[in-house]
Amino acid sequence: MNAVCVKCARCNPSCPTFMESLDEVYSPRGYLHLCTLLESQKIQLRDEVVQILSSCTQCGDCEPLCPIDLPIVQMIASALK
Ligand code: SF4
Ligand code: SF4
């Protein structure tokens with residue numbers, strides 16, 4: 001299991017989907033929150049969840065800003081498998 005997002009939001013300004021929407025759901029920590037809920041089976045991989053996670057462009061711009069070096073792109077991609 002990967003380390004867990006500490007929700008510091010340092011990554012938010014780097015994320016194009018957050019900056020466009022200004023909606024936390026479409027931020028790295030929003031995506032990772034969904035990943036955590038999926039991993040713990042608190043939610044199912046329904047169409048709405050797939051739509052949100054698929055919004056991540058996998059640009060990787062968030063990763064250099066993460067203080068705990070989370071592999072954010074890989075974590076989001078893995079949740080969609
Ligand atoms: S990889 Fe995804 S979460 Fe990270 S900055 Fe790009 S769009 Fe946002
Ligand atoms: S910088 Fe890393 S720990 Fe902080 S909110 Fe973003 S993904 Fe989570």
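Trainee: How many nonpolar, polar and charged residues does the shell around ligand 1 have?

Mentor: This is a predicted model, in which local features need pLDDT of at least 70, side-chain atom pairs count only at pLDDT 80 or more, and totals for chains, interfaces and linings use all residues. Residues are numbered from 1 along each chain as its sequence is written, while chains are lettered from A and ligands numbered from 1 in the order in which they are written. Ala, Val, Leu, Ile, Met, Phe, Trp, Tyr, Cys and Pro count as nonpolar, Asp, Glu, Lys and Arg as charged, and the others, Gly among them, as polar. The shell around ligand 1 has nine nonpolar, five polar and one charged residues.

Trainee: Which residues are the closest to ligand 1?

Mentor: A residue is near a molecule if its C-beta atom, placed from the backbone, lies within 6 Å of it. Ligand 1 is surrounded by 15 residues, and the closest are Cys15, Pro28, Cys56, Cys59 and Cys62.

Trainee: Which helix gives the most to the shell around ligand 2?

Mentor: Helices are DSSP runs (H or I, at least four residues), numbered from the N terminus. Helix α2, residues 28–39, gives the most, with three residues. Around ligand 2 there are 15 residues, the closest being Cys5, Cys8, Cys11, Arg29 and Cys66. By class, this shell has 12 nonpolar, no polar and three charged residues.

Trainee: At what angle do α2 and α4 pack?

Mentor: Axes are lines fitted to C-alpha atoms over the stretch in contact, and angles run from 0 to 180 degrees between N-to-C directions. Here the angle is about 45°, and the axes of α2 and α4 are 10 Å apart. Therefore α2 is oblique to α4; angles under 35 degrees count as roughly parallel, over 145 as roughly antiparallel, 65 to 115 as roughly perpendicular and the rest as oblique.

Trainee: Which residues make the contact?

Mentor: Two residues are in contact if their C-beta atoms, placed from the backbone, lie within 7 Å. From α2 come Pro28, Tyr31, Leu32, Leu34, Cys35 and Leu38, and from α4 come Ile72, Met75, Ile76 and Ala79. This contact of α2 with α4 has 10 nonpolar, no polar and no charged residues.

Trainee: Is Gln41 buried or exposed, and what is its phi?

Mentor: A residue is buried if 20 or more other C-beta atoms, placed from the backbone, lie within 10 Å of its own, exposed if 12 or fewer, and partly exposed in between. Gln41 counts as exposed because it has 7 C-beta neighbours inside 10 Å. Most residues other than glycine have a negative phi. Phi of Gln41 is near 60°, a positive value.

Note on methods. Helices (H or I, at least four residues) and strands (E, at least two) are DSSP runs, numbered from the N terminus.
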